[in-house]
Amino acid sequence: MVALVFPGQGSQRKGMGAGLFARFPDLTRQADTVLGHSVEELCRTSGDGRLDRTEYAQPALFVVSALSYLARDPGLPEPTLLAGHSLGEYAALFAAGCFDFATGVRLVRERGALMGRAQGGGMLAVLGVDGDDVPALLAGTGARQVDVANYNTPTQTVLSGPLDELRMVSAALAERPGVRCVPVRVSAAFHSRHMRPAAQEFARFLTGFSFADPHRTVISSVTARPYGAGQVAELLSRQIESPVRWSETMTCLRERGTTELEEMGPGKVLTGLWKQRRVTGAKARAVAPAPVAVAVAGVPAAAAARTTASSAPRNTPSPVSPASPVPPASPASPVPPASVSRGPRAEELGSAEFRRDYGIRYAYLAGAMFRGIASAELVIRMGRAGLLGFFGAGGLGLDKVESALVRIKDALGPDGRYGMNLLHSIDDPAYEHAVVDLCLKHGVHDVEAAGFTQLTPAVVQFRFSGAHRDAAGRPVAVRRVLAKVSRPEVAAAFMAPAPAAILRRLTADGRLTPQEAEIAAELPVGQDICVEADSGGHTDGGAALTLLPSMIRHRDAAMARHGYGRRIRIGAAGGIGAPEAVAAAFVLGADFVLTGSVNQCSPEAGTSDAVKDILAGLDVQDTAYAPAGDMFEIGARVQVVRKGTLFAARGNKLYQLYRSHDSWESIDAGTRRSVEETYFKRPFAEVWEETRAYHLGRGRDAEIEKADRLPKHRMALAFRWYFARSVRWGLEGEPTQKVNYQIQCGPAIGAFNHVVRGTGLEDWRHRHVDLIAEHLMTGAADVLARR
């Protein structure tokens, strides 16, 4: 009898699925829609290494395995027995009619995302020891937090647990003759008790689905016994924290009459294990109920020892795929205990607490770029990649902000990873409150506070809305404010509790309850402070090498002064355009990094192709400073593109005219004519009428009354018209106004252009925001490993 089996993670390879996607175009489109990327392109190119990342590998493997099953020769006998190694079990259940194809993709997308976010610990393959003896041997080593993650064959077992205990186990077992220990390069202790939170979260996710019972016999890798009625959801959630009992599964298949395996999907790993295993002479392990405390969140069987020495850190043995079968041990070549150590991984850079709190793979954020340049598409793509981006709400109407919020929530779900921008509005505090009200209405948990010169009631309200005390009486804020700052006095304000005057005002207005205000007096307004150096847009032009250490010292002083129970985290932004810059930020003590300019030159960014073409051609010296349109009168500056546009020169000229003259009419006639013809492309009077209508339409009558009294203010408002229009012309790609494009950008984009020159990311059309993150973070890990 032939049993149908499906391999697990680690079996993925570049080029898998060739021919299947064209054969099943409708199903391929379904997968692309669910995943938010082209699965065919990922499999064909490996996606710059994404195919080896858990959150990408698992859905891709399911799609290829499921389509392989559908492409099976209909003339072959229909198998009655099916099994899958961990992730492969999803394809087996699909083939057994438990759920449809699109549902399967959704399930493995969530499973892969949960596993990809897990951090801490590792795995160790042990060869040459009977799997039945491993638990007793573990007890003898003194390891208390290590579990068996995989029983691949009677003499091939994979362990999972904290790295220090795995080193201890490796050292102890390496002394035994014929035993070999091989470290597995993963980011967490998969299929162990340490995955229980992920298993519980996945169990909650599964409550939104209903599953049919298998219409064929499917052997569970959790129990090594057939699925019973109503067990699909239960066993799939347990699978994440339970060992993969593949050796026992093969025994079960044999006991039910299986003489041959037909393996679907890439490779023939499971077929090889079946042939290598001398079933008749092997001790058939009695199957005990799988302990709920032992598990791996779905790292399935991989190709037999597909080691890639070129990608491993120097002086480290080639890695083994996460839960994959390992080649037979050679007594002459034991793996030394020190091999468990390795260079840093991208997943380990920065603060582990930060990654856990935000539920992200990397200590990396995509910052907000105003006017929706940090678009809903950008935020959604980041969220689906296990990362987080902030939507650029600044400068948008409330209807557009709410529409984007709804779209993001629909795409990522109510518990998705995303944040909103809260841009300080000096002349319109009501707008700030309106944005906060939208965030609270839609359940937003994270905002990036930018451009603040002082604390405002709106940002305090957001931070402490819903604050309470836990069972132990400790203060808890359910929302986070990430404050982008470049000045110590502003940082100090966000590091302190909310001022009493603001709290009194908010409670009087009914925007905070007395209990929430009480909590606000005990916690910092900003749990995370992002130090903004020489960035695009509003900037003080500071140097990260100076700012970051200074802000860390300010943080330490604030912690000592206020006695907070949790550490305020410090991040770095501005100039983050090369792996070396990311590495330097972490070496300086940053808990996380935040990018901006580099993301503006991506397919997801909400600006025109004309702007992206300009950005892709910049070098590090191609930016300049210009007046900020929203704070024109006080001389605030923004950093903008200089190459290919005259905006910086013209913006500075307008500011000089404003400083030197008390009215438009006092400027000499020749200069006025030049401004009207080359800057405005229309008469000043027409600009003023449009400006006047704009302010009156938004209830800003006081601004117009002031302009009627003060000609200098009238001139300032009209000049602001040019700054607003220059942004719009760039966003819309207006071809007749290219010389007036205002493109807010820092030198990081020039650095990134150098990094990707000659690679697949040189063309901005391939620079998806998650690939930019991957390139910078994995590159930083490589830089630190080489050093």
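**Close-up views of a predicted model**

**View 1. Ser-663 is tucked in as a buried residue, with a relative accessible area of 14%.** Here, buried means under 20% relative accessible area, exposed means over 50%, and partly exposed is in between (1.4 Å probe, protein chains only). You'll find Ser-663 in the loop between helix 25 and helix 26. Helices (H or I, at least four residues) and strands (E, at least two) are DSSP runs, numbered from the N terminus. Leaving out residues up to four places away in sequence, Ser-663 touches Pro-711 and Met-715; contact means heavy atoms within 4.5 Å. Ser-663 and Arg-714 sit 51 residues apart in sequence, with 7.6 Å between their C-alpha atoms.

*Before moving on, a note on the model.* This is a predicted model, in which local features need pLDDT of at least 70 and side-chain atom pairs count only at pLDDT 80 or more, while totals for chains, interfaces and linings use all residues. Residues are numbered from 1 along each chain as its sequence is written, and side-chain values use heavy atoms, with hydrogens and water left out.

**View 2. Helix 25 (residues 647-660) packs against helix 26 (residues 669-680) at an angle of about 145°.** Their axes are 12 Å apart. Axes are lines fitted to C-alpha atoms, for helices over the stretch in contact, and angles run from 0 to 180 degrees between N-to-C directions. Helix 25 passes helix 26 in a left-handed crossing, the kind where the near helix is turned anticlockwise from the far one by less than a right angle (clockwise would be right-handed). Who does the touching? Helix 25 brings Arg-650, Lys-653, Leu-654 and Leu-657, and helix 26 answers with Thr-671, Val-675, Thr-678 and Tyr-679. These contact residues divide into four nonpolar, two polar and two charged. Ala, Val, Leu, Ile, Met, Phe, Trp, Tyr, Cys and Pro count as nonpolar, Asp, Glu, Lys and Arg as charged, and the others, Gly among them, as polar.

**View 3. Four strands line up as an open antiparallel sheet in the order 4-5-3-6.** Strands pair here if DSSP finds at least two bridges between them. At the edges are strand 4 (147-153) and strand 6 (180-184), each pairing on one side only. From one strand to the next, the twist averages 25°. Strand 3 (residues 122-127) and strand 6 share five bridges in the antiparallel sense. Which residue of strand 6 is the bridge partner of Leu-127? That's Arg-180. Helix 8 (residues 163-173) lies across strand 3, strand 5 (156-161) and strand 6, at about 15° to strand 3.

**View 4. Thr-141 belongs to helix 7 (residues 134-141).** Thr-141 counts as buried because its relative accessibility is 14%. Setting aside neighbours within four places in sequence, Thr-141 is in contact with Met-168, Val-169 and Ala-172.

**View 5. Asn-150 is part of strand 4.** Is Asn-150 buried or exposed? Asn-150 is buried, at 0% relative accessibility. Asn-150 and Glu-522 are 372 residues apart in sequence, and their C-alpha atoms are 47 Å apart in space.

**View 6. A second open sheet has four strands in the order 7-2-1-8, paired in parallel.** Strand 7 (217-219) and strand 8 (260-263) stand at the edges with a single partner strand each, so one side of each has no neighbour in the sheet. The twist averages 30° from one strand to the next. Strand 1 (residues 2-6) runs parallel to strand 8, joined by four bridges, and Leu-4 has Glu-262 as its bridge partner in strand 8. Helix 5 (residues 88-95) lies across strand 1, strand 2 (81-84) and strand 7, running at about 150° to strand 2.

**View 7. Strand 20 (residues 623-627) is largely enclosed by the rest of the structure, because four of its five residues are buried.** Five bridges join strand 20 to strand 21 (residues 637-641), and the two run antiparallel. Pro-627 has Arg-637 as its bridge partner in strand 21.

**View 8. How many disulfides does the structure hold?** The count is zero, where a disulfide would be a pair of cysteine sulfur atoms within 2.5 Å. Cys-745 is in no disulfide, and the nearest cysteine sulfur, that of Cys-601, is 8.5 Å away. Cys-745 counts as buried, at 0% relative accessibility. Cys-181 counts as buried too, at 2%.
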